[in-house]
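I opened the model to look up two things.

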Amino acid sequence: MLVPSHLKLYSYLMPAQTQPIHLRDYTLEELEAFFIELREKPFRARQVFQWMWQKGVTQFSQMTNISKALIARLEQTATLDRTQVVHISQSSSNETRKLLVRMLDGKTVEAVLIPEESRVTVCLSSQVGCALDCDFCATGKMGLARNLSTGEIVDQLRHVMAVSPRPVTNIVFMGMGEPFHNYDRVMNAARTIHHELGFGIGARKITLSTSGLVPQIRRFADEDQRFKLAVSLNATLDQQRDILMPINRKWNIQTLVDACRYYVEKTRNMLTFEYVLMTGINDTTGDARRLVRIAEQVFCKVNVIPYNDIKGTYQRPSDQTIEAFLKELSTGKFPVTVRWSRGDDIDAACGQLATISDKSDTTRHPSKQNTSTV
Ligand code: SAH
Ligand code: SF4
């Protein structure tokens, strides 16, 4: 098996490395290549992968079916360390919890657990911050610090599972960052989450949300990925979307809709359009009518998200306005859902995730209620 060139793998022929290898960053295939380099049997990779993720161990010495000699070798060259939970916020009105997760370089991201009656969803971050600067989003206001590694993404799930009251059923890449700006690592993370020796979550229970990166949507279609795709549309006119989502100046609504059509035609999978509803911006019945015309071009459902406050210039429309918008939208030939976000009392709802990074342990609102430090 060829060793992937982007990985610095340990070889017993090479001089001892100073930096330990982060095994959590490896896919199963990459781990197999690593063990072949070590002149070990590839099935060791399956064992270690299962220990790391399915069984969630944090020390090589806990891997009871691995020989002492191999454990000693792994301890010398590799590490399972990736991230640490430094803070947990608990919503006062429901079971939603937000975890502040710190990477080895001190940067922090947030992951959210959303238990509901019929499912338990985990919202994962893909980047520290985001470069896309959408005007209504707290993460966008941070700018981009860096991409997360595969291990840093999957580790969030390991931590959230440890505090979940019930088994996790759904994963959404709707936390901090633009998943398609970190395409390869996010796809590797999704594969690990899906793998039977990882977390065994069905591909159709894993959703990637993008602000509309057209080349990556086409790539996702060409690769025939089985994970679900959501596209944040949020406006029906280029003049509106140019202001709300600067990415629209690069790929406008028609170019985006064409890519979405390409995706559904190629994969036969339904796509979700997300539409954040903001007072006086995109919430009129005229907006709804235009949204119907756009959505009817694509095999899709539309998920309406009433705006969550980030202390910016926007506001959530009144219930009456939301109802009128939904009524008009219901004339379209596609399903419509509304995401009444949970966890906004702890800033854990869509668009509210943001951290003060680097060496800090504090969230944007460190004084919010019901928080505990671990
Ligand atoms: N970058 C990706 C995924 C993260 S954002 C994307 O943009 O799709 C996840 C979702 O939260 C997106 O649909 C986005 O439009 C929405 N969102 C951002 N800010 C929001 C806010 N203040 N209120 C409600 N939803 C918001
Ligand atoms: Fe980034 Fe998505 Fe927020 Fe836009 S909405 S700034 S793409 S995280």
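I count a residue as near a molecule or strand if one of its heavy atoms lies within 4 Å of it. This is a predicted model, where local features need pLDDT of at least 70, side-chain atom pairs count only at pLDDT 80 or more, and totals for chains, interfaces and linings use all residues. Residues are numbered from 1 along each chain as its sequence is written, chains are lettered from A and ligands numbered from 1 in the order in which they are written, and side-chain values use heavy atoms, with hydrogens and water left out.

**Ligand 2.** I listed its shell: Cys130, Leu132, Asp133, Cys134, Cys137, Gly140, Gly177, Glu178 and Ser211. By class I get four nonpolar, three polar and two charged residues. (Ala, Val, Leu, Ile, Met, Phe, Trp, Tyr, Cys and Pro count as nonpolar, Asp, Glu, Lys and Arg as charged, and the others, Gly among them, as polar.)

**Ligand 1.** I found 21 residues around ligand 1, and Phe136, Gly177, Ser209, Ser232 and Asn308 come nearest. The shell holds 10 nonpolar, nine polar and two charged residues. Strands S10 (206–210) and S12 (271–277) each supply at least two of its residues; strands are DSSP runs of E, at least two residues, and helices runs of H or I, at least four, numbered from the N terminus.

A backbone N or O atom of Phe136 sits 2.9 Å from a ligand 1 nitrogen. A polar side-chain atom of Glu178 is 3.4 Å from a nitrogen of ligand 1. For Asn234, a side-chain N or O atom lies 3.1 Å from a ligand 1 oxygen. The protein covers 96% of the 530 Å² of accessible area that ligand 1 has on its own (Shrake-Rupley, 1.4 Å probe).

**Helix packing.** The axes of H5 (residues 150–163) and H6 (residues 183–194) come within 8 Å and cross at roughly 40 degrees. Axes are lines fitted to C-alpha atoms, for helices over the stretch in contact, and angles run from 0 to 180 degrees between N-to-C directions. That makes H5 oblique to H6. (Under 35 degrees is roughly parallel, over 145 roughly antiparallel, 65 to 115 roughly perpendicular, the rest oblique.)

Conventions: Polar contact = N/O pair within 3.5 Å; in protein donor to acceptor, adjacent residues only side chain to side chain.
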